Amino acid sequence: MTVETAARPRYEDIEPGFRLPGRTFRVERKDLVRYGGAACDYNVIHWDDRTAVAMGLPSPIAHGMFTMGLALGVLTDWAGDAGAVVDFGGRFPRLVPVPNDGVGVELTVEATVMEKLEPPRLRLSVAVRLGDGGKVLTMPRTIVALR
C-alpha cells in the first residue's frame, strides 16, 4: 500500500508575495474549556459568562495562546514540519469573544511570504481574523525554515 502525501514547499520555489492557503476554524466554548484544561489555564474569563461580564467583557474570550496555536499549526502543516517555525512574535489587537450558543465564532488564518532570508528561512506576515474581518492576532515577524 502506498500513502500519498502533499509535497513540501521548497525554499527555491517560494517568492515574496506568496500566499499560503488560508484556513478557517470554528471555535466554540467547549474548545476553550478543553484548551484551558490542557494548558492548565483555568482563568474563568475563558469559560464563565457571569465572571466575564463582571470583568467588562462581552462574553468569555478565547485564550491568546489558543489563537496563536491555530496560526502556528497552519504554518507547520504547510511546511510539513512541526519544527519549521523558528521565530515568532505577535500582538493581540482585539479580543475573541466566544458565545455559548453552540455556534461559536469563525477564525481565519492568513499568511504571506514577505521576504526570503538566508536559505532555508522565510519571513512571513501572519494574521488571524474574526468572522467580521477584524484582526485578532498579527504576527509580522514569523520566520519559517523549510527543510
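Visitor: How many bridges join β3 to β4, and do the strands run parallel or antiparallel?

Guide: Please note that this model is predicted. Two strands are taken as paired if DSSP finds at least two bridges between them. Here β3 and β4 are joined by nine bridges and run antiparallel.

Visitor: Through how many residues does a hairpin join β3 to β4?

Guide: That hairpin passes through four residues.

Visitor: What joins β4 to β5?

Guide: Eight bridges join β4 to β5, and these strands run antiparallel. Leu122, for instance, has Val144 in β5 as its bridge partner. The two strands form a hairpin with four residues between them, and Gly133 in the turn has a positive phi of about 100°.

Visitor: Which residues have the most contacts inside the largest nonpolar core?

Guide: A core of this kind is a set of buried residues joined through side-chain atoms within 4.5 Å. The largest one has 35 residues, and Val27, Leu75, Leu124 and Val144 have the most contacts inside it. At least two of its residues come from each of β1 (23-27), α3 (64-79), β3 (105-116), β4 (121-130) and β5 (135-145). The largest share, nine residues, is supplied by α3.

Visitor: Leaving aside neighbours within four places in sequence, which residues is Leu124 in contact with?

Guide: With those neighbours set aside, Leu124 is in contact with Leu20, Leu75, Ala111, Thr112, Val113, Met114, Met139, Pro140, Arg141, Thr142 and Val144.

Key
Residues are numbered from 1 along each chain as its sequence is written. This is a predicted model: local features need pLDDT of at least 70, side-chain atom pairs count only at pLDDT 80 or more; totals for chains, interfaces and linings use all residues. Side-chain values use heavy atoms; hydrogens and water are left out. Buried means under 20% relative accessible area, exposed over 50%, partly exposed in between (1.4 Å probe, protein chains only). Contact means heavy atoms within 4.5 Å.
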